[in-house]
Amino acid sequence: MENSVKSTDIDKLKSLQKDFKQKIRPFILPKDGVIKGETLKDTYFPTSKDGKPYDIFISHSHNNQKEAEILAAWLKKYKGLSCFVDSFVWGSADELLKEIDNKYCKNYRKNTYDYTKRNFTTSHVYAILSMSLLEIINESSYCIFIESSESLNLACLGKKKTFSPWLYEEIEYMKTLVPKEANLKTYCNAVTESKNIKFEYEISELDNFSFLKYDDFLRLRCMTQTL
């Protein structure tokens, strides 16, 4: 698959990402001192492309970004399917927090940040991010999870677990939002997380997902036409 996708195919999708720093500054420096969460969400974490929902949501580890980009570019080029990959569309939550915290939480004289204020801003940004994830997964026709040694803790024999709270959240959303007569929910194999503090989440729900074989994957366009 990698050989059938050119770097220019991926660059076309990456070009969708805007200069978020310039766009968000008016929202985080409001004259009335109140940041509009919904406006910030729609600007920084948009959930649709040209007003239309994405065909496929791709859930992946940050370390599998290359695989996700190749998969999305292949599906767009050969199957005409729009795929949501956060690095193509969204700004960085960490960069957004840095912009906000530098304005509202930093003590420049001591070069430190207020712990309580930092917790407050983080909770709001992550809540906004979570709601955007929920909307995209809910509106997408398909969800693909890229299973790899980066996304799962392979040391847990018999049970699938992850150290990533975002992957845990995405999979829980997929499980919760799946309709009774479900569209195909799939995951693919691909080729470790920080050595600092870790939180582990069980994601045994993956056992109930359909495994997508390569031949079936090539026929994905035919399957979408039956929806």
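User: At what angle do helix 6 and helix 7 pack, and how far apart are their axes?

Analyst: Two packed helices are described by the angle between their axes and the distance between the axes. Axes are lines fitted to C-alpha atoms, for helices over the stretch in contact, and angles run from 0 to 180 degrees between N-to-C directions. Here helix 6 (residues 93–104) and helix 7 (residues 115–139) pack at about 145 degrees, and their axes are 10 Å apart. This is a predicted model, in which local features need pLDDT of at least 70 and side-chain atom pairs count only at pLDDT 80 or more, while totals for chains, interfaces and linings use all residues. Residues are numbered from 1 along each chain as its sequence is written, and side-chain values use heavy atoms, with hydrogens and water left out.

User: How many helices and strands are there in the chain?

Analyst: Helices (H or I, at least four residues) and strands (E, at least two) are DSSP runs, numbered from the N terminus. The chain has 10 helices and nine strands.

User: Which residues of helix 6 and helix 7 meet?

Analyst: Contact means heavy atoms within 4.5 Å. In helix 6, the residues Ala93, Asp94, Leu96, Leu97, Ile100, Asp101 and Tyr104 meet Lys117, Arg118, Thr121, Thr122, Val125, Tyr126 and Leu129 of helix 7. By class, this contact of helix 6 with helix 7 comprises eight nonpolar, two polar and four charged residues. Ala, Val, Leu, Ile, Met, Phe, Trp, Tyr, Cys and Pro count as nonpolar, Asp, Glu, Lys and Arg as charged, and the others, Gly among them, as polar.

User: Is helix 7 oblique or roughly parallel to helix 8?

Analyst: Angles under 35 degrees count as roughly parallel, over 145 as roughly antiparallel, 65 to 115 as roughly perpendicular and the rest as oblique. Helix 7 and helix 8 (residues 165–177) pack at about 40 degrees, with axes 10 Å apart. Helix 7 is therefore oblique to helix 8. The contact of helix 7 with helix 8 has 10 nonpolar, two polar and two charged residues. Among the residues that meet are Tyr126 and Leu129 in helix 7 and Trp166 and Tyr173 in helix 8.

User: Does Cys105 count as buried or exposed?

Analyst: Buried means under 20% relative accessible area, exposed over 50%, and partly exposed in between (1.4 Å probe, protein chains only). Cys105 counts as buried because its relative accessibility is 4%. Cys105 lies in the loop between helix 6 and strand 3 (106–107). Leaving aside neighbours within four places in sequence, Cys105 is in contact with residues including Ile100, Lys117, Arg118 and Thr121. Of the 227 residues of the chain, 41% count as buried.
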